[in-house]
Amino acid sequence: MSDSEQLKSRFRELYGQEARVYRAPGRVNLIGEHTDYNEGFVFPAAINLFTWVAIAPRSDLQVHVRSENLQKTAEFKLSSESGNANRDWSSYISGVALALEQNGFELKGADLLVRGDVPLGGGLSSSAALEVAVGFALLANSDLTVDCRELAQLCQKAENDCVGMRCGIMDQLASACCRKEHALLLDCRSLEYRTFKLPPNLRLVICNSMVKRELAASAYNTRRAECEEGVRILARRFPEVRALRDATMNQLEACQAELPQNVYKRCRHVITENQRVLEAAEALEHNRLEDLRRAMAESHSSLRDDYEVSSDELDVLVEIASRVKGVHGARMTGAGFGGCTINLVESEAVDEFRNEISAEYRRRTKLNPDIYVCNAADGVKRAD
Ligand code: GLA
């Protein structure tokens with residue numbers, strides 16, 4: 001039985017009716033980290049690990065949700081002032097419903113069953129996949145459609161408002177708009193994007209360090225605040241700088257004396273990273289894999305030394321990977337503070353890569369990494 005048939009059959013047992021099934025992917029970012037909330041560029045691909053939602057309409061305004069992964073149930077009422085007071089897994093769902101309603105979408109009540117393959121807390125955007133899948137399903141269930149960019153923005157708003165993580169737009173937009181076999185170059189200011197075909201012989205191999213730093217959300221918010229401070233200082237001399245996206249290295253150097261050291265380093269990362277994203281996309285387009293590899297390596301160093309969001313474990317994973325044959329790029333991916341690395345690996349080299357990484361990482365850290373060998377997938381869509 002396929003994933004969607006299984007979910008439909010489980011839905012029938014639970015709610016006694018037929019469901020439609022939708023799925024939204026997790027994402028991996030090839031390059032362009034911590035640039036999205038600075039209105040810069042990112043280059044993610046959706047991956048074939050999904051969150052699945054089975055849904056059927058109700059005749060009242062209730063939403064009932066069952067999570068297969070958590071084995072928990074929640075319910076809330078649409079169009080209610082109080083919304084969902086619970087601050088738990090179900091806030092993602094009620095938050096998305098609220099953001100859609102506040103934007104004028106008239107939703108029908110619904111029964112939902114949710115199941116996810118995207119590892120939780122691994123930096124592969126399990127939360128964005130949940131938000132986007134639920135948002136798309138709630139709209140379709142109410143006979144409504146929306147542009148993928150708008151869906152991404154509403155899901156981001158839900159995460160910002162209801163979950164308290166001041167994330168940028170990358171994860172939700174990747175989960176909503178990406179295309180199979182392609183990476184997506186996104187301008188986070190205009191939300192214009194272009195897709196780039198990935199070489200068919202490369203796999204997206206993701207290594208989970210199995211370590212996650214406590215308080216990652218507050219460290220993330222601190223980085224954002226440091227970037228905002230950088231913009232305030234730069235704009236005193238260069239009023240055209242509205243976001244770090246607008247700043248150049250020359251302008252940054254000119255203001256170095258006025259910038260606290262940590263703020264200077266954060267800005268340097270963002271300014272150079274934006275440049276690397278554009279270089280990497282061009283390299284991919286012209287099949288210059290050596291340039292792509294170099295851009296990814298420099299991105300990792302910059303995240304480690306200037307943005308200070310890597311970890312010893314992520315550094316070890318990248319170091320090992322860069323010595324393995326058939327690897328065309330390795331770096332930490334996502335917000336950092338633990339989580340995963342992305343490795344572009346030739347199909348024929350994947351087994352060897354897996355063996356080497358597992359053995360050497362275990363030897364050096366005493367940890368067993370999870371390794372996911374992925375392909376680039378389509379953004380959210382109906383799946384039955
Ligand atoms: C998290 C956020 C994204 C982005 C990345 C870092 O995944 O949700 O918006 O800022 O971190 O690039």
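Contact here means heavy atoms within 4.5 Å, and angles between elements run from 0 to 180 degrees between their N-to-C directions. In this predicted model, helix α3, spanning residues 126-141, lies across β1 (20-29), β3 (44-57), β6 and β13, and runs at about 40° to β3. Those strands belong to an open sheet of six strands, while an open sheet of three strands is also present.

**Six-stranded sheet**
- The strand order is β5-β4-β6-β3-β1-β13, and the pairing within this open sheet is mixed.
- At the edges stand β5 (72-77) and β13 (381-382), each of which pairs on one side only.
- Strand β4, covering residues 62-67, runs parallel to strand β6, covering residues 110-116, and five bridges join the two.
- Within this part of the sheet, Ser67 stands opposite Val114 in β6.

**Three-stranded sheet**
- Here the order is β2-β7-β8, the sheet is open and the pairing is antiparallel.
- Its edge strands are β2 (41-42) and β8 (193-197), and each pairs on one side only.
- Strand β7, made of residues 182-187, is joined to β8 by five bridges, with the two strands running antiparallel.
- Leu186 has Tyr193 in β8 as its bridge partner.

**Helix α5 and the two sheets**
- Helix α5 (residues 170-177) packs on the three-stranded sheet, where it touches β2, β7 and β8, and its direction makes about 135° with that of β7.

How values were computed
Residues numbered from 1 in each chain as written. Predicted model: local features only at pLDDT ≥ 70, side-chain atom pairs only at ≥ 80, totals over all residues. Heavy atoms only, no water. Pairing = 2+ DSSP bridges. Helix = DSSP H or I, 4+ residues; strand = E, 2+ residues; numbered from the N terminus.
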